Amino acid sequence: MQALLSLSVALFVGLMLSRLAKMVQLPAVTAYLVAGILVGPYLLGHVFLSNAGIHLGFSDMKDIETYSLLSDVALGFIAFAIGNEFRLATLKKTGRQATVIGIVQAVFTTLLVDAALIGLHFLMPDILPLPAAIVLGAVASATAPAATLMVVRQYKAKGPLTDILLPIVALDDAVGLVLFAVSFGVAKALIHGEVDLLSVVLEPVLEVVLSLALGAVMGFLFTFFERFFHSRSKRMAMSVSFVLLTVALSMIEFTVGGVHVAFSSLLVCMMLGTIFCNFCDFSEELMERVERWSTPLLVLFFVISGAELELSVFTQLGVVFVGVVYILFRSCGKYFGARLSSQAVKCDDHIVKYLGITLLPQAGVALGMAIKARGLGAEGEIVANITLFSVLVYELVGPLLTKIALQKAGEIRPEGKTSARGRKDVLAEH
């Protein structure tokens, strides 16, 4: 009962706040995250009705962790949808540019944040250890595909900037995984005095390659089995089952000859969507139907993400100070890295001006890195706290900045009014 109550309250509060957000022209994603804070342990989740023996929201962080499966599945559908952006017709136009920008801006951001935080380490060695500074540079490379995709969907953004944005976000996370693995290996060497070449070089490359391979295999199987059905509802059911199966398989981890083998669910599900959209002739219609089906799940994902935000980090002044420095330099890295690389490959002026701003949101992948960084011990806890602080800021501000950038680029049209009986686009004439 408590689980159903918490989820229903989360969904209801998220949807109602999205209406308020629309009135003040904020993205729905921001409303869902704020809703998560409201129903989380610090506010409604703290309210306990003793007579009924229930909480009105998520009572504590352990309670929120019980819904992690929902978050994993939601991220799978998000990655599957991003895979749809890798259609060959689109890649012929933007593939080379997206690849160059995706790699350059991620590496540039990591190097800039590393330089700033290593300098800060020498000024404040007791607050920011050197291993933590190095790992945070790699965490800075990651972008939040979920928030970006939701903003693009909500406002139906279309144009050159939107076309190149989602492939870059997907590639950004692949590059980020490799950068993090290398930085994590260097940090461990600094702490323990041992360099493990397997974990620094081989394992991150294997994770990316095997994730793409698994996603490709699942994509071809998905395309093959989908053709046995002609009913739209059954085709959609098959789509959902394959995304769920792919998410489950991507959670498998094992060791072979001392090499730890793992998969990235984001990359696996992204490749699933990429293969399907390029080899199935009715994929576009089916993707739209899956998008409608998964909407409530994505709302819950963002509300739960908001509930997970640790407001207690604001009580740690050292973390707040380092977090502010991290946010400033990461923002500069994303903006100037994207600007310089997009200029180098001769992108449209709007892409050069606004792409970096759309890459600011940060959440799921960065949090995953922060959780893994906890394996470093005390240094890892510092990484986790600073990442939590930055995610809190970026998730609340990032979607709005993405919306503004897409508007400035002319890729979001003025919103019309929608009623329950029908839709009318009402254009302001005054």
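These are my notebook entries from a first look around this structure, which is a predicted model.

**Entry 1**

I began with helix α5, which covers residues 88–123. At 1.5 Å a residue, its 36 residues should span 52 Å, and I found its end C-alpha atoms 50 Å apart, which agrees. I then looked for a bend in α5 and found one of about 65° at Thr 94.

Next I turned to α12, which runs over residues 283–308. Its 26 residues should span 38 Å at 1.5 Å a residue, and the end C-alpha atoms are 35 Å apart, so the two values agree. Where does α12 bend? I found a bend of about 45° at Ser 294, with a proline, Pro 296, following within four residues.

**Entry 1: salt bridges**

How many salt bridges are there? I counted 2.

I looked up Lys 334 and Asp 172, whose closest N and O atoms are 2.8 Å apart. Lys 334 lies in helix α13 (residues 317–344) and Asp 172 in helix α8 (residues 160–192), so this pair ties together parts that are 162 residues apart in sequence. Are these two residues buried or exposed? Both Lys 334 and Asp 172 are buried.

I then went to the salt bridge between Asp 281 and Arg 227, where the closest N and O atoms are 3.9 Å apart. Here Asp 281 sits in the loop between α11 and α12, while Arg 227 sits in the loop between α9 and α10, and the two are 54 residues apart. I checked how open each one is: Asp 281 counts as exposed because its relative accessibility is 66%. Arg 227 has a relative accessible area of 40%, so I noted it as partly exposed.

**Entry 2: aromatic rings**

I counted 12 aromatic pairs. One of them joins Phe 224 and Phe 225, with ring centres 5.2 Å apart and planes at 80°, so I wrote this pair down as edge-to-face. Phe 224 is partly exposed, at 49% relative accessible area. Phe 225, which I found in helix α9 (residues 197–226), is partly exposed too, at 34%.

Phe 301 and Phe 302 also form an edge-to-face pair, at 5.0 Å centre to centre and 70° between the planes. I found both Phe 301 and Phe 302 buried.

Which residues make up the aromatic cluster? I listed Phe 80, Phe 222, Phe 224, Phe 225, Phe 228, Phe 242 and Phe 276.

**Entry 3: two lysines with positive phi**

Lastly I looked at backbone angles. Lys 156 is not a glycine, yet its phi is positive, near 50°. I located Lys 156 in the loop between α7 and α8, and with a relative accessibility of 56% it counts as exposed.

Lys 346 has a positive phi as well, of about 60°. I found Lys 346 in the loop between α13 and α14. Is Lys 346 buried or exposed? Its relative accessible area is 73%, so I noted it as exposed.

How values were computed:
Residues are numbered from 1 along each chain as its sequence is written. This is a predicted model: local features need pLDDT of at least 70, side-chain atom pairs count only at pLDDT 80 or more; totals for chains, interfaces and linings use all residues. Side-chain values use heavy atoms; hydrogens and water are left out. The expected span of a helix is 1.5 Å times one less than its number of residues. The bend at a residue is the angle between axes fitted to the seven residues ending there and the seven starting there. A salt bridge is a side-chain nitrogen of Lys or Arg within 4 Å of a carboxyl oxygen of Asp or Glu. Buried means under 20% relative accessible area, exposed over 50%, partly exposed in between (1.4 Å probe, protein chains only). Rings of Phe, Tyr and Trp (its six-membered ring) pair if their centres lie within 6.5 Å; planes under 30 degrees apart count as stacked, over 60 as edge-to-face and the rest as tilted.
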